[in-house]
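Colleague: Could you walk me through reading the overall features of a model like this? I'd like the general idea each time, then the case at hand.

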Amino acid sequence: MPVDKRYIEIMDTTLRDGEQTSGVSFSPSEKLTIAQLLLTEVKVDRIEIASARVSDGELAAVKAITKWAKANGLLNRVEVLTFVDGDVSVQWMQKAGAKVMNLLTKGSLNHLTHQLKKKPEQHFAEVAAVIALARKKGLECNVYLEDWSNGMRHSREYVFQYLNFLQQQPVKRIMLPDTLGVLTPAEVHDYITQIVQRYPKTHFDFHAHNDYDLGTANVLEGVKAGAHGLHLTINGMGERAGNAPLASAIAVLNDFMPTVKTNVAEASLYSVSKLVETFSGFRIPANKPVVGENVFTQTAGIHADGDKKNKLYFSDLMPERFGRQRKYALGKTSGKANIENNLQQLGIQLSDPDLKKVTQRIIELGDKKEVVTQADLPYIISDILDSNTIEEKVRIENYVLTHSKNLKPSVTLRLSIKGEVFEEHSQGDGQYDAFMNALKKVYKKQKQELPALSDYAVRIPPGGKSDALCETIITWRWNNREFKTRGLDSDQTVSAIKATQKMLNLI
Ligand SMILES: CC(C)C(=O)C(=O)O
């Protein structure tokens with residue numbers, strides 16, 4: 001029988017806690033773009049976009065977002081962190097056009113006593129006054145219990161006294177932060193269970209931090225224990241080690257909590273991660289689950305082989321769910337199956353001998369610590385197929401190229417023509433020019449002319465991701481006709497020399 005799933009509200013706080021990542025600051029237009037994407041594409045329920053009073057730039061950002069949200073009927077989903085400061089935050093909220101305030105209050109006796117130096121009753125009265133004022137001005141109130149986790153560990157009586165008090169207040173949600181990211185999953189489960197059982201009619205959000213890398217595990221336990229909402233950030237940005245990452249938390253809830261649902265669109269998680277990465281300059285680690293560059297790439301040949309046979313290395317965490325694609329790395333450990341998978345994705349078929357040559361070339365590049373990407377493959381293949389069709393009568397045996405400050409580049413070149421070996425030394429304006437000058441000397445002594453170089457183009461495989469390969473395409477003029485040769489290598493001069501050797505074998 002289908003069971004009614006419990007709905008979990010997702011509040012994204014990338015633009016508030018996420019912006020507390022050291023070194024990160026979003027411009028108002030970046031904040032607006034991210035806010036729009038989060039509410040309309042990613043479909044989180046709520047966003048926390050700033051702290052009140054911070055700066056003029058922050059005020060401009062909040063104004064821009066609230067204006068857009070109001071025009072689109074989304075204003076009650078946009079939240080701002082505010083403070084127990086009389087009427088200051090409330091006035092700021094009004095100036096910014098915001099309607100939902102997340103009031104920061106003290107969730108542990110330690111914080112209350114040593115930071116605010118107040119007694120609980122004093123704090124509660126001040127909180128009540130701000131809430132009353134905010135409600136009078138038409139604002140909705142959620143309340144944060146800062147340092148709630150340590151409150152539960154060391155001053156539980158205070159936490160329950162405060163929660164009892166809040167039951168009498170016109171508060172929509174109570175937010176339970178593990179401010180220092182110190183809780184274990186078992187504690188999260190225990191503390192949230194106690195709270196939701198005691199206050200069954202109150203909405204509780206859980207706000208995890210990731211200091212022990214337990215953020216995602218903790219939000220899972222929070223939901224299992226009955227939390228109604230979660231605070232998450234894109235790419236796990238946030239104060240210190242960050243918050244629980246949105247993408248991981250959603251994947252975990254979808255795969256391990258069949259009794260709950262969220263409204264988040266998995267397919268948009270990768271693109272929003274990339275956008276936030278670009279705007280924030282905060283790089284996504286390549287191994288970050290769901291959104292990291294490497295997390296859907298199989299590197300070991302044995303994995304690629306198993307995937308080809310019966311999808312043996314697949315799990316429920318399929319890349320397509322997140323708008324991504326499985327990749328098979330190309331390098332010295334990748335082997336034939338990885339290369340075949342890449343060729344299949346590119347729609348290319350090769351004979352066995354050519355496949356062997358391609359595999360060999362990739363292993364050689366891998367040995368040189370070069371990273372080969374799928375975009376490099378057509379270049380490698382065309383280089384190999386080109387070489388297949390050219391009979392090698394001229395071979396460049398060795399060369400030494402020099403490049404020193406204030407001295408002309410020079411070359412010592414040894415090449416063989418139909419088995420006979422020649423050696424020359426020369427200088428030039430660049431290394432390749434020096435190489436060509438030495439080559440011309442050899443051919444002049446043979447009373448042979450060389451084609452004239454009429455164009456020289458260098459490119460890297462598209463996408464700019466490859467650090468492995470560079471292709472030089474040289475156009476030659478010879479007997480009133482033009483022809484091109486290509487050379488491929490990780491070094492630009494060497495790729496030009498390879499293109500030149502091909503020319504020598506064509507004339
Ligand atoms: C500022 C507060 C709400 C916070 O982020 C925390 O306590 O973790």
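Colleague: How many helices and strands are there in the chain?

Modeller: This is a predicted model, in which local features need pLDDT of at least 70 and side-chain atom pairs pLDDT 80 or more, while totals for chains, interfaces and linings use all residues. Residues are numbered from 1 along each chain as its sequence is written, and side-chain values use heavy atoms, without hydrogens and water. Helices (H or I, at least four residues) and strands (E, at least two) are DSSP runs, numbered from the N terminus. Here the chain has 17 helices and 18 strands.

Colleague: What radius of gyration does the chain have?

Modeller: The radius is taken over C-alpha atoms, and the globule rule is 2.2 Å times the number of residues to the power 0.38. For 507 residues a compact globule would come out near 23 Å, whereas this chain has 32 Å. Its C-alpha atoms fill a box of roughly 105 × 55 × 40 Å along the principal axes.

Colleague: Which percentage of the residues is buried?

Modeller: Buried means under 20% relative accessible area, exposed over 50%, and partly exposed in between (1.4 Å probe, protein chains only). In this chain, 52% of the 507 residues are buried. Cys141 is among the buried residues, at 1% relative accessible area, and Cys470 also counts as buried, at 8%.

Colleague: How many disulfides does a search of the whole structure find?

Modeller: A disulfide is a pair of cysteine sulfur atoms within 2.5 Å. The search of the whole structure finds zero.
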